[in-house]
Amino acid sequence: MQNSSAILLEAGTYVGEPVRQQLFDGIIASENFYEEGTVSDWHFHENPHFSHILNGGSKEMRGKGSGQQRSGSSLYYYPGIPHQNIDYLPGTRIFNLEFTSEFFTKYNIAIPEESWMFSDNTQWNSHLLITIMAEHYLNDAIGSSLSVHQLCLDLLSAPAADQELSPAWTRKVKEAMYDNWSSPLSLADLAVEVALHPVTISRYFPRYFGCTMGEYLRKIKIEKALAMIRAKQQSLTEIAYDCGFADQAHFIKTCKRLTGITPKQYQKL
């Protein structure tokens, strides 16, 4: 196989050059820079980690398939799964959040499963990853470590709860909301699309998603907005309009509440 000789990247090690790295007692937060056109060896990681692409991106080869990494997207990497990155774009910067085995032992939680790797199912947690990234750059000796641990537990536990405890219809609801995020979507429309009674959705949505339907849709909109910001093709005002926010102030307030930073602050990272 093409990846039979994949190399191991040990804790805190990535294909790109490290810009800055911080340790938070079992958590390794780092930013890495990647030269244009870089082609990596087939490799796999010792520890599970999440990546948020700040700028640029690459084409990622994985087993029999491939995918394009784009600015503003978040990905999960399960340990031991071989992949290769090619054709890095100019100015590629990636924030990586890695968890050691000691972290999972200390808090008695499971490693996110392999099926989430290269999956969109955890994309709505992008807002938590951005908040953790903001703490990484803030580097507040008083509160950053405490905040990072709390946020990381939320990041790791939310998908697990969704997978283990949620009925099958929740996945259909999630997919429908992602597919229709930019269009007006009523509860009645959603019920028809997933073939479920609207009362069932209304009553049980908060239990399985941890928030109201409106709040979940705002998370999706912020996720989409973050990708638009990294693409650098529109103004923040245009992005706010395209993502359906009432005005720029609403966009700023929602982004700040969900990620801990404003759209302009995220733009400058």
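The legends below describe close-up views of a predicted model.

**View A. Strand 3 and its pairing with strand 2.** Strand 3, which spans residues 27-34, is mostly covered, with 7 of its 8 residues buried. Strand 2, made up of residues 17-23, pairs with strand 3 in the antiparallel sense over 6 bridges, and within this pairing arginine 20 has glutamate 31 of strand 3 as its bridge partner. The two strands form a hairpin with 3 residues between them, and in the turn aspartate 25 has a positive phi of about 50°.

**View B. Strand 3 and its pairing with strand 10.** Strand 10, covering residues 92-99, runs antiparallel to strand 3 and is joined to strand 3 by 8 bridges. Phenylalanine 99 in strand 10 stands opposite isoleucine 27.

**View C. Leu97 in the largest nonpolar core.** This core contains 56 residues, among which Leu97 and Phe99 touch the most other members. When neighbours within four places in sequence are left aside, the contacts of leucine 97 include Ile27, Ile28, Ala29, Phe50, Leu129, Ile132 and Leu155.

**View D. The packing of helix 5 and helix 6.** Helix 5 (residues 187-194) packs with helix 6 (residues 198-209) at an angle of about 105°, and their axes are 9 Å apart; helix 5 and helix 6 are therefore roughly perpendicular to each other. From helix 5, Leu187, Leu190, Ala191 and Val194 meet Pro198, Ile201 and Ser202 of helix 6. The residues of this contact comprise 6 nonpolar, 1 polar and no charged.

Notes
Residues numbered from 1 in each chain as written. Predicted model: local features only at pLDDT ≥ 70, side-chain atom pairs only at ≥ 80, totals over all residues. Heavy atoms only, no water. Core = buried A, V, L, I, M, F, W, Y, C linked by side-chain atoms within 4.5 Å. Buried < 20%, exposed > 50% of the residue type's maximum accessible area, 1.4 Å probe, protein only. Contact = heavy atoms within 4.5 Å. Axes fitted to C-alpha atoms, helices over the stretch in contact; angles between N-to-C directions. Helix = DSSP H or I, 4+ residues; strand = E, 2+ residues; numbered from the N terminus. Parallel < 35°, antiparallel > 145°, perpendicular 65-115°, else oblique. Nonpolar A, V, L, I, M, F, W, Y, C, P; charged D, E, K, R; others polar. Pairing = 2+ DSSP bridges.
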